[in-house]
Amino acid sequence: MNKNQDSEKSVIQKAVSIFFALVLWHIISVAVGMDMLLASPVKVAVRLCTIWLEEGFFKTIIFSLLRISSGCIIAIITGILLAVFASRFHIIEILLWPYVITIKSVPVASFIILCLIWLSFTQLTVFIAFLIVFPVVYSNILAGIKSTDVKLLEMASSFKIPWWRKFIFIYLPSIKPYLISASSIAMGMAWKAGTAAEVIGVVKGSIGEKLYESKIYFANADLFAWTIIIVILSVALEKILIHLIKLFFSRIEKI
């Protein structure tokens with residue numbers, strides 16, 4: 001079976017899985033019998049078709065998208081740079097260790113509430129997205145650098161290969177799968193943490209504010225519609241980010 005057939009089979013399997021999930025959702029919504037508790041997938045689909053016509057819809061999308069994506073991208077860049085320095089200077093890895101462990105362990109809600117004291121509402125989303133993504137990227141890149149083949153590095157040193165060639169042809173191939181994996185996880189985590197910050201902080205003009213309003217007014221269809229929009233944005237941006245990373249590595253490999 002070739003790759004195209006495997007891909008088609010995977011798409012069909014996922015489509016069937018989604019279909020059964022929607023059927024189960026509909027059955028449960030009928031059993032509950034109250035839209036304010038659980039809207040049916042049909043009503044959510046109808047709401048999705050009308051919600052984008054509302055005034056300020058695209059402004060809300062852009063508001064959250066720019067801030068959450070910015071926090072994620074800054075965290076990826078910072079995580080890569082600090083991982084490189086930590087791999088070169090062990091003292092940096094030791095100094096960063098308690099912060100990375102703390103960020104991984106402390107609930108997101110605790111950080112959000114604490115940051116509400118220090119930051120403005122517009123800064124909150126960027127910082128929380130950054131905070132949650134950073135340890136994932138940092139840990140993965142550091143692990144990738146440490147997994148670099150020692151024999152290749154020794155051979156490069158023996159032949160006095162320039163540092164930039166070692167970086168391109170030895171370190172980058174080692175880092176690549178770790179960076180792709182980290183970036184794939186990072187975008188989803190950024191959206192989860194970012195929208196949570198918007199909901200708790202009730203950030204005006206954000207998607208989180210729309211989720212909060214859905215809860216206040218018992219607009220269950222709106223809640224599901226905005227949640228689906230968040231999932232679509234998260235998945236789309238993840239695919240774009242992964243594509244750009246793979247494109248970067250393919251260009252580097254041609255040097």
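# A predicted all-helix model

V202 counts as partly exposed, because its relative accessibility is 31%, which lies between the 20% limit for buried and the 50% limit for exposed. This residue sits in the loop between α8 and α9, and α9 covers residues 207-216. V202 is not a glycine, yet its phi is positive, about 45 degrees.

The model is a predicted one.

## Overall build

How many helices and strands does the protein have? There are 10 helices and 0 strands. Read along the sequence, the pattern is α-α-α-α-α-α-α-α-α-α. The C-alpha trace spans about 75 × 55 × 30 Å along its principal axes.

The protein has 255 residues, and 36% of them count as buried. Its accessible surface comes to about 15500 Å². Carbon and sulfur atoms hold 71% of that surface.

Contacts can also be sorted by sequence separation. Take the contacts between residues at least 6 apart in sequence: 74% of these join residues at least 24 apart.

F218 is another residue other than glycine with a positive phi, near 55 degrees. Its place is the loop between α9 and α10, where α10 runs over residues 220-253. Is F218 buried or exposed? F218 is exposed, because its relative accessible area is 56% and the exposed class starts over 50%.

G201 belongs to helix α8. This glycine is buried, because its relative accessible area of 8% falls under the 20% limit. Leaving out residues up to four places away in sequence, G201 touches L116, F121 and L124. S69 is 132 residues from G201 in sequence, and their C-alpha atoms are 18 Å apart in space.

R47 lies in helix α2, which covers residues 41-51. Is R47 buried or exposed? R47 counts as buried, because its relative accessibility is 15%, under the 20% limit. Its side chain is joined to that of T50 by a polar contact of 3.0 Å. Which residues does R47 touch, when those up to four places away in sequence are not counted? They are E54, A221, D222 and A225.

The table sets out the accessibility values discussed so far.

| Residue | Relative accessibility | Class |
|---|---|---|
| V202 | 31% | partly exposed |
| F218 | 56% | exposed |
| G201 | 8% | buried |
| R47 | 15% | buried |

## The largest pocket

Rolling a probe the size of a water molecule over the atoms shows where empty space is left. The largest pocket has a volume of about 390 Å³. Its lining is made of 13 residues. Which of them lie nearest the centre of the pocket? They are V84, S87, R88, I145 and Y171.

Three helices each supply at least two residues of the lining: α3 (57-88), α6 (121-146) and α8 (163-201). The largest share comes from α8, with 5 residues. G201 also has its place in α8.

What kinds of residue make up this lining? The lining divides into 9 nonpolar, 1 polar and 3 charged residues.

Conventions:
Residues are numbered from 1 along each chain as its sequence is written. This is a predicted model: local features need pLDDT of at least 70, side-chain atom pairs count only at pLDDT 80 or more; totals for chains, interfaces and linings use all residues. Side-chain values use heavy atoms; hydrogens and water are left out. Helices (H or I, at least four residues) and strands (E, at least two) are DSSP runs, numbered from the N terminus. Buried means under 20% relative accessible area, exposed over 50%, partly exposed in between (1.4 Å probe, protein chains only). A polar contact is a pair of N or O atoms within 3.5 Å; within protein, one must be able to donate a hydrogen and the other to accept it, and residues adjacent in sequence count only if both atoms are side-chain atoms. Contact means heavy atoms within 4.5 Å. On a 1 Å grid over the protein atoms alone, a cavity is a set of points where a 1.4 Å probe fits but cannot get out, and a pocket is an open set with protein on both sides within 12 Å along at least five of seven lines; lining residues have an atom within 4 Å of a point. Grid points are joined across faces, edges and corners, and a volume is the space filled by probe spheres set on the points. Ala, Val, Leu, Ile, Met, Phe, Trp, Tyr, Cys and Pro count as nonpolar, Asp, Glu, Lys and Arg as charged, and the others, Gly among them, as polar. Accessible areas come from the Shrake-Rupley method with a 1.4 Å probe; for residues, only the protein chains shown count as cover.
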